[in-house]
Amino acid sequence: KALVALAQKMPKTELHLHIEGTFEADQMFAIAQRNKVDLKYKTVEELKAAYQFTQLQDFLDLYYQGMSVLLHEVDFYDLTMAYLEKVHSENVVHVEIFFDPQGHLSRGVPFEIQISGIYNALQDAGKKWGMTSKLIMSFLRHLSEESAFETLEQAKPFIKWIDGIGLDSSELGHPPKKFTNVFKACRDLRLKITAHAGEEGPPEYVWQAIDIIKVDRIDHGNRALEDELLIAEIKKRDLTLTVCPLSNLKLCVVTDMKQHPIRSMLELGLNATINSDDPAYFGGYMNDNYTALIEKTGINKEELFQLAKNGISCSWMDKTAKEIHL
Ligand code: ADE
Ligand code: ZN
């Protein structure tokens, strides 16, 4: 189909991507073997058969198991480079990726090991293909604010490599206001701020992300559509939503891709972008997300262009870099 070919060719950005969520089963088994770590699943097929989720937590349980085979700097490098090669082949020109340091610190993997592997891969992608990138450190919201503060301390020697701070993991029961103080400290360090909000959590959590955490953008934000005043506030503040269609389908945030609200978001004038979240678990990378929207939602060419343009203009690239792409 012509629209699919067009979507594949457009220069795209990825603004919502968890690097640990790009861990393909075959690479996971290869690294497990080289690190002599036992996985609960015996084969790639057995593991992949478990990728059936009815809610966010089902996925997270597998996601934390999967990342547990990452031990050495080269593991983080190989994981990141495999992802970057993949999306380079899909005409992604700029990535802003999350990593979850607490998911590795808790297993005794030092912060420096994690960030060096990821950062060096991002640098190499810049040298090889001119791909640009930002790195976002995420706090796990099911852990305490104290743990987030400890993580921030560990990050300080590497703060020049970190562009932004995020908030992810189990949303329900862990509202943004739980992290008021640590995000204040992050803002004082002049870091950009984003938070997962309104994926499973209610509109109230999106309000908190805006008013208390003072986010520069919102990850997901689907449930903001339930609250007209909130929609108006997001527009007034010109905030971006990093929307993840295949993720929404796999985690039952939407029941059917035909029901995905992306076109309504554009219709409302919201700065929506298309992203892949955890592509190894959710059935596809950037182009697969566009293809699913084209095949199921009746999205048109103008809307596809708008989404790709939003991806550039809503990114954290500097102004001149944006002008080059737009
Ligand atoms: N961690 C990785 N992917 C996530 C998602 N979609 N929501 C919350 N936490 C996550
Ligand atoms: Zn996410």
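The shell around ligand 1 comprises two nonpolar, five polar and four charged residues by class. Ala, Val, Leu, Ile, Met, Phe, Trp, Tyr, Cys and Pro count as nonpolar, Asp, Glu, Lys and Arg as charged, and the others, Gly among them, as polar. The model is predicted: local features need pLDDT of at least 70, side-chain atom pairs count only at pLDDT 80 or more, and totals for chains, interfaces and linings use all residues. Residues are numbered from 1 along each chain as its sequence is written, while chains are lettered from A and ligands numbered from 1 in the order in which they are written.

Ligand 1 is surrounded by His18, Gly21, Leu56, Tyr63, Asp168, Ser169, His196, Glu199, Ser247, Asp277 and Asp278. Each has its C-beta atom, placed from the backbone, within 6 Å of the ligand.

An unreviewed UniProt entry annotates His16, His18, His196 and Asp277 as "binding site". They span 262 residues in sequence, yet no two of their C-alpha atoms are more than 11.7 Å apart, so they gather at one spot. Such annotations may be inferred rather than shown by experiment.

His196 lies in strand E5 (residues 192–197). Strands are DSSP runs of at least two residues, helices (H or I) of at least four, numbered from the N terminus. His196 is buried, with 28 C-beta neighbours inside 10 Å; the cut-off for buried is 20 or more. Beyond four places in sequence, His196 touches Leu167, Asp168, Glu171, Asp219 and His220. Contact requires C-beta atoms, placed from the backbone, within 7 Å.

Asp277 sits in the loop between strand E8 (271–274) and helix H14 (279–282). Asp277 is also buried, with 29 C-beta neighbours inside 10 Å. Leaving aside neighbours within four places in sequence, its contacts include His16 and His18.

Notes
A residue is buried if 20 or more other C-beta atoms lie within 10 Å of its own, exposed if 12 or fewer, and partly exposed in between; C-beta atoms are placed from the backbone. Two residues are in contact if their C-beta atoms, placed from the backbone, lie within 7 Å.
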